[in-house]
Amino acid sequence: MSGNRRGLATPLVALLLFWLVGYPLVLTLAEALGAPHWTLDHVLEFARRRAEWSALWASLWISVATVVLAAAIGVPLAFVFERNEFPGRGLLGTLVALPVALPPLIGVLAFLFLYGESGFVSRGVQALFHLAEPPWRLAGPGAILLVHAYSMYVYFYMFTRAGLARLDGSLLEAAASLGASRARVARSVTLPLLAPALSAAALLTFMTSLASFSAPYVFGGSFRVMTTQIVASKLNGDTALAMVETVTLALVGLAGLWLLRRAEGARPATGGVRGIAPRRRELGARRRWAAAVAGWGLTIFLLAPHATLILVSLVPRNTWTTETLPPVLSLGNYRSLFSEAERLRPIVNSLWMASAATALAILLGFGAASLAARRKDRWAGLIEGLVAAPWALPGTVFAIALAAAFSVDAPWAGRFVLVGTAAILPLGYLVRSLPLTGRAAFAGLRQMDPALEEAAASLGASRLRRLRRIVLPQVRPAIVAGASLAFLAALGDFVVSIVLYTYDTRPISIEILSSLRIQEIGVAAAYGVLLTVLSAAAFLVWGRRGSV
Amino acid sequence: MSDFLRLEGLEKRFGSTAVTRGVSLSAARGEIVALLGPSGSGKTTVLRLVAGFETPDAGRIVVEGEDVTALAPERRRFGMVFQHYALFPHMTAGENVGFGLAAQGARAAETRGRVAEMLALAGLSGFENRRVAEISGGQQQRVALARALAPSPRVLLLDEPLSNLDPTLREHTRRELKRAIRKVSITTLFVTHEQEEAFELGDRVAVLDHGRLEQIGTPEELFERPATRFVATFIGRSSVVPVAWDGGARIPGGPLWPAVAGAPLAPGAAGDLVVRPEALAFAAAARPDAVPGSVTERRFAGRVAYFRVATAAGELEVLAAPDAAAVGDRVLVVPEPSGPAPRVFPRMP
C-alpha cells in the first residue's frame, strides 16, 4: 500500500529512536575523544596501559572459548533429543533448556552456592577426605567459562534442535539411497544444512559472552574483561577512560557481528521447500535405558544449581557454619522479604521498572515496526537499524552511554539530568528491551499475509479497525513473546543497573549483591528464587506463544 | 453497451518497469470479464489498481459514472477474493463473512441473517462456527467468495480464484462460482492464466501481454478472429510458419494457401502464418495446394488426434481422425476450408 500518507510519523519515530539509542552512543564517542576540547589523549592513555590490552584480550578469548564449549555441549544434546525416542524425552528436552530462563546473576549465585569454596560440593569433598582447607576456589577464567558454558549451551541446543526439526527428511533419505554412509550424510548433508542455525547460535553466544558481566564481576577477581574493566574505571571516577573502553568494546561487538554476518552471507541459500520431517530413531531396549539414565543424570546436574538456590534460601542467618548440610531450615528469609519495608522495596522497584520499560518497549517497538516493516526506503532501514542496535552492543556500553548522555542539563541539545532519578533505570531497560519487542513486531508483521489487511480494507474496514481486528490479533503472539523476553531481561538486569542505580531505585539484582556482601546468603538466595520464579513465568508465556 | 465499470488508460510502473501500459476496458452491469495472460503480463496489477491497493501513475477508474481512482480501498465498495483467500485465521467462517457487514454498521441480527444467506449461497450452510483452518481448500475458497459478496459490493474482483485448488476440485468449484456470481448478477473482473477458465467463466475475455491489452472479446471472437499474433498463438493451439504475403500465404517453395491478413501487409512482405490444427487436413492424393511432410508425433485425444508433421516450410499440427496416419508416415497437408481462417501477421523482428 502507498506509504505517503504516513507523513511526519516516520521521521518523528526515527528521531525518537535516535535520541534513545544513537545519540547516547555519539555522545560517548565524543567524550572518549575529549569533547569539547577534542584530543586523542584518552585513547593514547588507553593504548599505553597493559591492563587494558589484557582485558580486551580476555574478553575475546573468553568469548571464543565459550562458543566452543557451548557448541560442544549443546549440539550433541540437540541430536540426542531430536533424533532419538526414549522415555522422558519430551519433559527432559524442555528441562534442558531451563538455564536460559535463569537471569545471569542468579546462575552465578547458584554456582557459587553449589561449587564455590563454601558450596555444597566443595564442603562435601572436604568432609569426605577430611581436608583442612576447601579443595578448590571457584575463581578466575575457569569459573567464568564454567558458568558461561552452563548458561549458553542452551543457544546451541535450541537452534540446533530447531534446525534439525526443519530439516527436510527426504534430503537425508535421498543421500542414503545414493549410498552415503551415516557419517557422510551427517558431514555432507546435515551439517551444511544446519550451518545457518549453528552460525546464528555462535553469533548469539559470542555476543552474549562478550557482554557478560555477572560472572566476570563475581568470579573474576583480578582477572578483568572489558565489561568489568569499564565499570571499574567508572567507579574509580576515570570517566574519560571508561568512555574509551566503552567505545572499544562496542567496536569489538560490531566487528564480531560483521564477521559472522559476512560468514553467513557467503553461504549459498538452502532450498525453502519443506518436505517431510526426519524420523526419530527408535532405540533398542538397552540403549533406550542408557539414553534415559544419561538424560535424567544430565537433568539432575543441570537442575542442581536451582535446587541449591532453593535450599540456601531456607537457611536462616548465622545458622550454617562448618556443617556439610545446613542444620536449620525455615521460611524466615521469605517472610522478611515481604514484611520488612526495606527488603520489599527492591522487589517493588524491579517489578514496576521492568513493567514500565516493557510497556514502552512494546509501544515503541510495534510503532516502529508498523511504520517500517513493509517498506524498503532509507527511513525504514534507519528505523530497523536503530531498533536492533542495542542487541548488537553489550549492556555495559549502553549503561555508560546513557550515564554520559543524561547527566548534563542541556534541553536545547536534547539532554536532561536523569541520572539519579527514578526515570533512568526504566529508560536503560527500555533501550535494552527494544530489540526484543521491536524485532518480534517486525517479524510478526512480515510473517502476516499482507492480503489479510487488504481483504479487510476491501470489506470497508477503516485503518483503526484493521489495526484492532486484523493486525493486532495476528502479531499479538509475536509481540507477547518478545515482551515476555523483554520483561525477563529487565527484571533480572544487573549490567545496566549497577551503573545507573541509586539507593532508592535499587532493583533485586543489586540487593542480592549487597546481601551477599554482608553475608546474608539466605536472603540473597531467597531473592534469587523469587527472581527465578518470576522469570520462569515470563519464560513460560514466551514458550507458549512460540519462539520469535 | 452501457459501461458500468470503465478503466481508462491505466499506467503503472514499479521503479523503471512499466507493468501496465495504457490499459482501457469496460464492463457492462452484471458482465463477467476475464483478464487472461501469461505471468508477468500485468493482469494482477490491473486488478489491484481497480481494487485500490495500488495507485495508477496515469489513467482513471470509473464506476457508475463516479471516478474512484483516488478513493481508498475501504471506500470503494468493491469485493475481492484473493488468490490465497486471505481468510482471517483468528476468526470463524461466520465471523469472516460478517466482517464487512460490521464495517457498514449492520446490527447483530441483520449480520447473522446475511451471513447465513451468503454461506447458503456458497453451499456452506451451517458453517458459521467452523474455524478457518478446519475447512478444506475448496470450502475456504467459497467462504472467501461469501465474505466478498456479503456487503453487496458494486464490483467483484477475483485474483486467480481457482489456482489453489487441485484439478479435480477446480472444475466443480468453477461451475459453483459461476452459478453464485450469476445468481447475484454482479459485475465481475477476474484474473486467470488459464484459457479454459477464462472461456468458461468470462462473458468476455481481455488478453494482456507485457502490460498491454492485446484484445478483448468473446471467446469465439478471440478464437476465430485474433487481433494480434500474440492472441493468435496464446489462445488455442496453432502452428506458426514463415510465409510471404501474396493475397494469401505463400509457403516458401510451395503453394499459396488462403489466409487473412491479421494486420496491414504489403504484397511480398515477410509474414508469419498462424494456423490452427482444425484448419489443416491430410489429402489422400496429390493436389496443387498440398505440402508434403512426415509425421513425427501423434497425440491421441478420443475421437480425434493431433499429428505433428515436419515439412520443408516448418512444423505443422494437423487435426484428423485417430487412424488417419501413423508416426513416420509420409503425408500431404492441405488447408481445411471449414476450419478457422488462417492469419498472416507481420514477421516479428
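## Helix α3 of chain B

In this predicted model, α2 (93-103) and α4 (137-149) of chain B are among the elements that cover the buried residues of α3(B). Those buried residues are B:Thr111, B:Arg114, B:Val115, B:Met118 and B:Leu119. Viewed down the axis of α3(B), they fall within an arc of 135 degrees, so they line one face of the helix.

Helix α3(B) runs over residues 108-121 and has 14 residues. From first C-alpha to last it reaches 20 Å, close to the 20 Å expected at 1.5 Å a residue. Just after the helix comes B:Gly123, with a positive phi of about 75 degrees.

## Where chain A meets chain B

The contact between the chains involves 18 residues of chain A and 19 residues of chain B. On the chain A side, α19 (450-458) and α20 (463-491) each supply at least two residues. The largest share of that side comes from α19(A), with 7 residues. Sorted by class, the side of chain A that touches chain B has 10 nonpolar, 5 polar and 3 charged residues.

## Helix α19 of chain A

How many of the 9 residues of α19(A) are buried? The count is 7, so the helix is largely enclosed by the rest of the structure. The buried residues are A:Leu452, A:Glu453, A:Glu454, A:Ala455, A:Ala456, A:Ala457 and A:Ser458.

Just after α19(A), A:Gly460 takes a positive phi of about 95 degrees.

## Two domains in chain A

Chain A is divided into two domains. Domain 1 is made of 14-48, 236-268 and 335-548. Domain 2 is made of 68-223 and 284-313. Their centres, taken over C-alpha atoms, are separated by 27 Å.

Across the boundary, 28 residues of domain 1 are in contact with 24 residues of domain 2. On the domain 1 side, the elements that give two or more residues are α12 (239-265), α17 (395-405), α22 and α23 of chain A. Helix α23(A) gives the most, with 12 residues. This side of domain 1 divides into 16 nonpolar, 10 polar and 2 charged residues.

## Positive phi outside glycine

Two loop residues of chain A have a positive phi without being glycine. One is A:Trp38, with phi near 50 degrees. A:Trp38 sits in the loop between α1 (9-32) and α2 (41-48) of chain A. Is A:Trp38 buried or exposed? It has 8 C-beta neighbours inside 10 Å, so A:Trp38 counts as exposed.

The other is A:Gln519, with a positive phi of about 65 degrees. Its place is the loop between α22 (508-517) and α23 (521-544) of chain A. Both of these helices give residues to the side of domain 1 that touches domain 2. A:Gln519 has 11 C-beta neighbours inside 10 Å and therefore counts as exposed. The cut-off for an exposed residue is 12 or fewer.

Technical notes:
Residues numbered from 1 in each chain as written. Chains lettered and ligands numbered in written order. Predicted model: local features only at pLDDT ≥ 70, side-chain atom pairs only at ≥ 80, totals over all residues. Helix = DSSP H or I, 4+ residues; strand = E, 2+ residues; numbered from the N terminus. Expected span 1.5 Å × (residues − 1). Buried ≥ 20, exposed ≤ 12 C-beta atoms within 10 Å, placed from the backbone. Arc of directions from axis to C-beta. Contact = placed C-beta atoms within 7 Å. Nonpolar A, V, L, I, M, F, W, Y, C, P; charged D, E, K, R; others polar. Domains from an automatic or database assignment.
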